[in-house]
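Biologist: Thanks for sitting down with me. Could you walk me through this one, with the cut-offs behind each label?

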Amino acid sequence: MWHDCIVPGCIRQGSCKIKLQVMQPGARASFAIVTPNTGAWLCGIHAVQGMEVDLVIKPTRTEEVATFVSAEDAGEMVQAVSGVTPIPAKAADEVIRYAKDIGQRGRSRDPSG
Ligand SMILES: [Zn+2]
């Protein structure tokens, strides 16, 4: 399936998917809490030549991750794509379990406790 490279003016095929992963420390990539679909692709040339990425997190209570990826050329936004990925219910359980583990370890290191 053909995907356009998101870089403005690029006519090459987007062969490299732009991914975002939300992970706990030490977790392997296959155990990401959520891997949102950005819907954005880069061609091989733009994937390796370097880029700047601005990431802005806006918390919601939707139990989804909505992504908006845009590309700029000389300061003008000329292309954008978006995606929505549900957060798996089991991921929430794992995060709560992890937070409890961290809290217990934190208390055990507290010299006053
Ligand atoms: Zn490109």
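Modeller: Let's start with Cys43: leaving aside neighbours within four places in sequence, Cys43 is in contact with Cys5, Cys10, Arg12, Gln13, Gly14 and Ser15. Before going on, this is a predicted model, where local features need pLDDT of at least 70, side-chain atom pairs count only at pLDDT 80 or more, and totals for chains, interfaces and linings use all residues. Residues are numbered from 1 along each chain as its sequence is written.

Biologist: What makes two residues count as in contact?

Modeller: Their C-beta atoms, placed from the backbone, lie within 7 Å. Among contacts in the protein chain between residues at least 6 apart in sequence, 58% join residues at least 24 apart.

Biologist: Which residues make up the largest nonpolar core?

Modeller: Cys43 again, together with Cys5, Ile6, Val7, Ala40, Trp41, Leu42 and Ala71, eight residues in all. Strand S2 (residues 37-42) gives the most to this core, with three residues. The term stands for a set of buried Ala, Val, Leu, Ile, Met, Phe, Trp, Tyr and Cys residues joined through C-beta atoms within 7 Å. Strands are DSSP runs of E, at least two residues, and helices are runs of H or I, at least four, numbered from the N terminus. On that basis the protein chain has two helices and four strands, in the order β-β-α-β-β-α.

Biologist: How do you know which parts to trust?

Modeller: Look at pLDDT, the predictor's confidence in each residue, from 0 to 100. The protein chain averages 84, and 90% of the residues score at least 70. Confidence is highest in H1, at a mean of 96, and lowest in helix H2 (residues 89-109), at 70. Over residues 107-113 pLDDT stays under 50. Where pLDDT is low, the predicted coordinates should not be read in detail.

Note on methods: Buried ≥ 20, exposed ≤ 12 C-beta atoms within 10 Å, placed from the backbone.
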